[in-house]
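Dear colleague,

Please find below the structure for your review.

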Amino acid sequence: ILLAEEPERLLSTIKSRCQIVYFNALATSTAQNDEQTELLKASVRAIFQKYPLSRSKAAPELLKLVEAFGKETSQQRHAAQLIFETAIETLRTHVVSICQPDQSPLWPILKHDHPDHLELLSEMIDMTLQSSVQIARYASIPLIIESWLDQLSAIQTGFCR
């Protein structure tokens, strides 16, 4: 049995002889974790309100949240997953706000009068899900978050045409 917190750092000759089995981190305190999770999600929403889709401004703040969530790689990956989960929840509220105009969106990034609004929102949700999968595959957290914000920003330009 070989245990590794960062399997991407193992030699390929060693990895080729292994069968990878992923384990979730053990929860130390459910109440503490729930509180920390809610605090992270609230901070992410505040960042989205302040810097909608700005890589240069939002990425550093999101990465600070990831680092503050914990020192271990598994804790930081969990924090990154929570960021993407919060983004998806926020994008879904935009879909609802289109279908129910009396609801106001939580993320001020979109114009409601664009004809392909729902399609572009769907692309943004898809990009966020793909980024979440990359986190689960142990890719670099800063690169994923920065790339994700760049991709969303590029999709957003479709709203502003």
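**Helix contact and aromatic cluster**

In this predicted model, R77, A80, Q81, F84, A87, I88, L91, R92, H94, V95 and I98 of α4 are in contact (heavy atoms within 4.5 Å) with H117, L118, L121, M124, I125, T128, L129, S131, S132, I135 and A136 of α5. By class, this contact comprises 14 nonpolar, 6 polar and 2 charged residues (Ala, Val, Leu, Ile, Met, Phe, Trp, Tyr, Cys and Pro count as nonpolar, Asp, Glu, Lys and Arg as charged, and the others, Gly among them, as polar).

The axes of α4 and α5 (residues 117-136) come within 10 Å and cross at roughly 170°; the axes are lines fitted to C-alpha atoms over the stretch in contact, with angles from 0 to 180 degrees between N-to-C directions. Helix α4 is therefore roughly antiparallel to α5 (angles over 145 degrees).

Ring pairs link F48, F84 and W148 into a cluster; rings of Phe, Tyr and Trp (its six-membered ring) pair if their centres lie within 6.5 Å, and planes over 60 degrees apart count as edge-to-face. The count comes to 2 aromatic pairs. F84 and W148 form an edge-to-face pair, at 4.9 Å centre to centre and 85° between the planes. This pair links distant parts of the chain, 64 residues apart: F84 lies in α4 (residues 73-99) and W148 in α6 (residues 141-160). Helices are DSSP runs (H or I, at least four residues), numbered from the N terminus.

F84 counts as buried because its relative accessibility is 1%, and W148 counts as buried at 0% (buried means under 20% relative accessible area, with a 1.4 Å probe and protein chains only).

Residues are numbered from 1 along each chain as its sequence is written, and side-chain values use heavy atoms, leaving out hydrogens and water. Local features need pLDDT of at least 70 and side-chain atom pairs count only at pLDDT 80 or more, while totals for chains, interfaces and linings use all residues.

Yours sincerely

Methods. Rings of Phe, Tyr and Trp (its six-membered ring) pair if their centres lie within 6.5 Å; planes under 30 degrees apart count as stacked, over 60 as edge-to-face and the rest as tilted. Helices (H or I, at least four residues) and strands (E, at least two) are DSSP runs, numbered from the N terminus. Buried means under 20% relative accessible area, exposed over 50%, partly exposed in between (1.4 Å probe, protein chains only). Angles under 35 degrees count as roughly parallel, over 145 as roughly antiparallel, 65 to 115 as roughly perpendicular and the rest as oblique.
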